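I opened this entry to record what I looked up in the structure, working from the sheet to the helix and then to the core.

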Amino acid sequence: MKLPKFLLADNSDMPEDLFVVHTEYPRFILNVEEEDVEWLDDLEGDDEETMADEATKVVEQAFKWCDEELAKYDEEEDDEDE
């Protein structure tokens, strides 16, 4: 099965939180509201600085993707209201 790179997730035990799941290496779950990341993979590599830069980039991509997805939901709601 082919999965999208990012998935939105929520949980009734944490109704105020929204999560982004990154399905590719390095896999992680981002709590958007808390701006907290739970890494599911060990970050491997000889150069810690390079790995940190790559991790920062993919987390920034996750935030950007989430903002774009939420904007789409807002647009759909606006269209339904008309």
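For the contact lists I counted two residues as touching when heavy atoms lie within 4.5 Å. The model is a predicted one, and I read it as such throughout.

I looked up Val20 and found that, leaving aside residues up to four places away in sequence, Val20 touches Phe6, Leu7, Leu8, Phe28, Ile29, Leu30, Val32, Ala62, Trp65 and Cys66.

Entry on the sheet. I traced 4 strands in an open sheet, ordered S1-S2-S3-S4 with antiparallel pairing. At the edges I noted S1 (6-9) and S4, each of which pairs on one side only. On average, and with direction ignored, neighbouring strands are turned by 20 degrees against each other. Between S2 and S3 I found 4 bridges, the two strands running antiparallel, and I noted that Val21 stands opposite Ile29 in S3.

Entry on the helix. I followed H1 through its 34 residues and found that the distance from its first C-alpha to its last is 50 Å, close to the 50 Å expected at 1.5 Å a residue. At its N-terminal end H1 is capped by Asp47, a side-chain oxygen of which lies 3.1 Å from the backbone nitrogen of Glu49. H1 lies across S1, S2, S3 and S4, and runs at about 60 degrees to S1. Which residues of H1 are buried? I listed Met51, Ala55, Val58, Val59, Ala62, Trp65, Cys66 and Glu69, and the buried residues of H1 pack against S1, S2, S3 and S4.

Entry on the core. The largest nonpolar core has 11 residues, namely Phe6, Leu18, Val20, Phe28, Leu30, Val32, Val58, Val59, Ala62, Trp65 and Cys66. Two or more residues of this core come from each of strand S3 (28-31) and helix H1 (48-81), and the largest share, 5 residues, is that of H1.

Entry on the loops. In the loop between S2 (19-22) and S3 I found Pro26, and a cis peptide bond joins Tyr25 and Pro26, with omega at about -5 degrees. In the loop between S3 and S4 (36-39) I found Glu35, which has a positive phi of about 55 degrees although it is not a glycine.

Terms used. Residues numbered from 1 in each chain as written. Predicted model: local features only at pLDDT ≥ 70, side-chain atom pairs only at ≥ 80, totals over all residues. Heavy atoms only, no water. Core = buried A, V, L, I, M, F, W, Y, C linked by side-chain atoms within 4.5 Å. Buried < 20%, exposed > 50% of the residue type's maximum accessible area, 1.4 Å probe, protein only. Pairing = 2+ DSSP bridges. Axes fitted to C-alpha atoms, helices over the stretch in contact; angles between N-to-C directions. Expected span 1.5 Å × (residues − 1). Polar contact = N/O pair within 3.5 Å; in protein donor to acceptor, adjacent residues only side chain to side chain.
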